[in-house]
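Please examine the sequence and the three-dimensional structure shown here before reading on.

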Amino acid sequence: MAERTYTTVHLIRHGEVYNPDHVLYERLPGFHLSERGMRMAHETGRYLAQKSETKNPDAIFSSPLDRTIDTVTAIVEELGKMPETNNIYDVVTTDERIIEARNEFRGKRIGHGEGALWKNGNWKLVRNLWRPSWGESYKEIAARVQDFVFEKVDEYPGGNVLAVMHESPIWSFRCLMEKGRSEHNMLLRKTALASVTSFTFEVGTHKLASIEYADPAAGVQ
């Protein structure tokens, strides 16, 4: 078999979260996938299991939050990689660099109640959709994801790495790779739930060869 001349890091967004109160959960604990979210995660796992480059990944990583652990667990099950111990952490490594963006709106509700996003002056934090004033900047987010991705490119030359994470970190890093700057309009992101954004680099370098996007769970109800 010819040696691979490219390394690919596949960044996977978690599935739909069970959140009936419409809370901006950010990094809060206790927010797991909904039943639909679990179906989405399994569908993405089946998609990855059917592709030659991802059915036997060299390494699997995840953000440490509940919704990403739920998602990566479903993916590992579909890949047939769940260990006999049933301990997901025997095959998955968590990494704080791919955690959700820090957000000062955490715990607030969207659209209703006294704790709502637009109540009591909360709206003043949203001054510019391109440059977050409500938490971690896109530049900071993209920098930590870049640090993670480049490290894995160096550690697994010619390999395939899976990493389950969150919308803002994936899109901020994609903007940095495509445009040279991480700032973007948050309303124009293309990072669907349980989607896969794959970044391929030339072996031995951090030179980007391609970006591919797939939304295998788009039809899941």
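Predicted model: local features only at pLDDT ≥ 70, side-chain atom pairs only at ≥ 80, totals over all residues.

Residues are numbered from 1 along each chain as its sequence is written, and side-chain values use heavy atoms, with hydrogens and water left out.

The protein contains four helices and six strands; helices (H or I, at least four residues) and strands (E, at least two) are DSSP runs, numbered from the N terminus. Their order from the N terminus is β-α-β-α-β-α-β-α-β-β. Of the 221 residues, 48% are buried, where buried means under 20% relative accessible area, exposed over 50%, and partly exposed in between (1.4 Å probe, protein chains only). The protein exposes about 10,900 Å², of which carbon and sulfur atoms supply 48%; accessible areas come from the Shrake-Rupley method with a 1.4 Å probe, and for residues only the protein chains shown count as cover. Among contacts with a separation of 6 or more, 72% join residues 24 or more positions apart, a contact being heavy atoms within 4.5 Å.

The six strands form an open sheet of mixed pairing, in the order β3-β2-β4-β1-β5-β6; two strands pair if DSSP finds at least two bridges between them. Because β3 (93–94) and β6 (208–214) each have a single partner strand, one side of each is left without a neighbour in the sheet. Strand β1 (residues 6–13) pairs with strand β5 (residues 196–202) in the antiparallel sense over seven bridges, and Leu 11 has Thr 197 of β5 as its bridge partner.

Strand β1 also holds His 10. This histidine, His 10, is buried, with a relative accessible area of 4%. Beyond residues up to four places away in sequence, His 10 touches several others, including Thr 54, Val 161, Ala 163 and Ser 198.

Attention now turns to an annotated position. UniProt, in an unreviewed entry, places the feature "binding site" at Arg 67; such annotations, given in the numbering used here with shortened feature names, may be inferred rather than shown by experiment. Arg 67 lies in helix α2 (residues 66–79) and is buried, with a relative accessible area of 0%. Leaving aside neighbours within four places in sequence, its contacts include Tyr 25, Glu 26, Glu 100 and His 166.
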